[in-house]
Amino acid sequence: MPANLPAAPPVAALEAVEIAYPKRGLALGPFTLDLAGGEIVALVGPSGCGKSTALRLLAGLETPSRGRVRRAAARGETSVVFQSPTLAPWLGAAANVALPLELAGMPAREAMALAGQALQRVGLAGSAAARPAQLSGGMAMRVSLARALVTHPKVLLLDEPFAALDEITRRALADDVLSIWADERPAIVFVTHNVEEAVYMASRVIVMTPGPGRRAGETTVAAPAPRAPGFRASRTFRAAAETVSLQLADAMAREAAPP
Amino acid sequence: MRGLSRLAPWALIAVILALWELACRALHVPPYLLPAPSSVAAALIQTAPSLATAAMRTLAMALEALLLASVLACALALAVSLSRVLEQAVRPLAVGLQVTPVVAIAPLFVIWAGVDHPGRAIVALAAIVAFFPIFSGAVSGLASADPDLERLFDLYGASRGQKLLRLRLPTAVPFLLEGHKVAAGLAIIGAVVAEFVAGSGGAQGLAWRILEAGNRLQTAKMFAAIITLALIAASLHFAFQAFERRALAWWRGR
């Protein structure tokens, strides 16, 4: 935790969780993660290390084979954004965003009004009626983000949300996420395989080993959030990115040459 | 270029018809073996009223069968998608019925429908043929929702009913459209095959006109009936294709 934030009570925790599949064996763990209210944690690791699985555990979409998942947030207070926008092609942008509210029983008109505000939030006020097929990749991702935000979640889980986008779009979206975080302070867990992105977004970066994913290291990024304009060029940024890269390389090397 | 490629199929037809006409005249082909296009045209004009009635009859039976097949296939697909046990129970039966040639089971249906109602047997047989593309399209459509979207529905606490109405059914729409387009073509084929097997004039469809003219060696009339059949089958196909295209554009929003 950065020193400038008071310690908040945990909103979710993974306690020595393991996920084992009948054929593949152990895919994750034992893995422990405490998520304090309002903090941003990045999970970095190679493909197949179980970082997405850890996210699904936090969301309650999967149950651990061993260990415990604690969730202080009630149903509807956790949102997920996946790697692909995952929009319903037969619904317009606003109707997609309104879906979580409508599923929870909110009348359609009220839900659509709130969806309109959420779209405005991500800079898509003019595309409320557009269908997913009419949107660019970056725009579709923003709609997906608006859908996650429309319920004002306490926990926001992002599963490589920018992986399919070009560098300029992903930087713009990262800044959008940070400015939304500055307003609403949800706890964010952010899965990525991009070290720079992790350091730019998160106050804590946790590096995971190749599958079965365990904790290989943790780096605290001691810089105020949201980030200052020149942050990517700062010494803090470069030092943190180097530490994370070394931890990652170390975890990969240990995998390649077992003792 | 665009106009040229649009004209090309008509030009080919014209060339084939001209060569055919010339060959018939030059080689003195007997008209019961191969009538010249001009005599086919004459037969078409001469028998137009009875062909039109027969075509309407065949089309009506095919559409009736399509409607029946659609209702049954959608209902069964829905039931199967809600119960795994039912799916496993139905699957081998469905495959068995699908691979059995319609010609083989047609006589059975003719007996069941009774000699006085050959139309019922024809509709039932055409419906069996049209059933499978709709059924299998509906079953795979109902099962092909985006798994991540399904996870989101779980995350937001959607009920089974909400998942069906707001996720599975809309996902199945393109599959259903494709299934109905294929089924429409098969319904015509099914109706014609069934009418051949029923073998009586009771149904008065196009297949009967073909059989009747064939038995009398009126080959030009046979050609006239076959052309009429091809025309209604093609129009039905294109009508469904246009509908599918429009409906898909609406579904995708462009």
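This is a predicted model: local features need pLDDT of at least 70, side-chain atom pairs count only at pLDDT 80 or more; totals for chains, interfaces and linings use all residues.
Where they meet, 23 residues of chain A are in contact with 21 residues of chain B. Between them the two chains bury about 2100 Å², and 62% of that area lies on carbon and sulfur atoms. Next, select Trp90(A), Leu103(A) and Arg131(A): these supply 31% of the area that chain A buries against chain B, more than any other three residues.

**The salt bridge between the chains**

Display the side chains of Arg166(B) and Glu102(A). They meet in a salt bridge, with a distance of 2.6 Å from N to O. The count of salt bridges between chain A and chain B is one. Residue pairs in polar contact between the two chains, with both residues at pLDDT 80 or more, number four.

**The side of chain A that touches chain B**

Colour the following elements of chain A: helix H1 (51–59), strand S5 (78–81), helix H2 (93–103) and helix H4 (137–149). Each of these gives two or more residues to the side that touches chain B. Which of them provides the largest share of that side? It is H2(A), with four residues. By class, this side of chain A has 13 nonpolar, five polar and five charged residues.

**A stop in helix H5**

Remain in chain A and select Arg171(A), which is placed in helix H5 (residues 167–184). Is Arg171(A) buried, partly exposed or exposed? Arg171(A) counts as partly exposed because its relative accessibility is 38%, and this class covers values between 20% and 50%.

Now turn to chain B and colour domain 1 (1–30) and domain 2 (34–252) separately. Taken over C-alpha atoms, the centres of these domains are separated by 32 Å. Seven residues from domain 1 of chain B and six residues from domain 2 of chain B take part in the contact. The two domains bury about 550 Å² between them, 66% of it on carbon and sulfur atoms.

To see where domain 1 of chain B loses the most area to domain 2, select Trp20(B), Glu21(B) and Cys24(B); together they account for 71% of what that side buries. The touching side of domain 1 divides into five nonpolar, no polar and two charged residues. Between these domains of chain B there are zero salt bridges, while three residue pairs are in polar contact, both residues being at pLDDT 80 or more.

Note on methods: Residues are numbered from 1 along each chain as its sequence is written. Chains are lettered from A and ligands numbered from 1 in the order in which they are written. Side-chain values use heavy atoms; hydrogens and water are left out. Domain bounds come from an automatic or database domain assignment. Contact means heavy atoms within 4.5 Å. Buried area is the accessible area (1.4 Å probe) that two parts lose on being put together, summed over both. A salt bridge is a side-chain nitrogen of Lys or Arg within 4 Å of a carboxyl oxygen of Asp or Glu. A polar contact is a pair of N or O atoms within 3.5 Å; within protein, one must be able to donate a hydrogen and the other to accept it, and residues adjacent in sequence count only if both atoms are side-chain atoms. Ala, Val, Leu, Ile, Met, Phe, Trp, Tyr, Cys and Pro count as nonpolar, Asp, Glu, Lys and Arg as charged, and the others, Gly among them, as polar. Buried means under 20% relative accessible area, exposed over 50%, partly exposed in between (1.4 Å probe, protein chains only).
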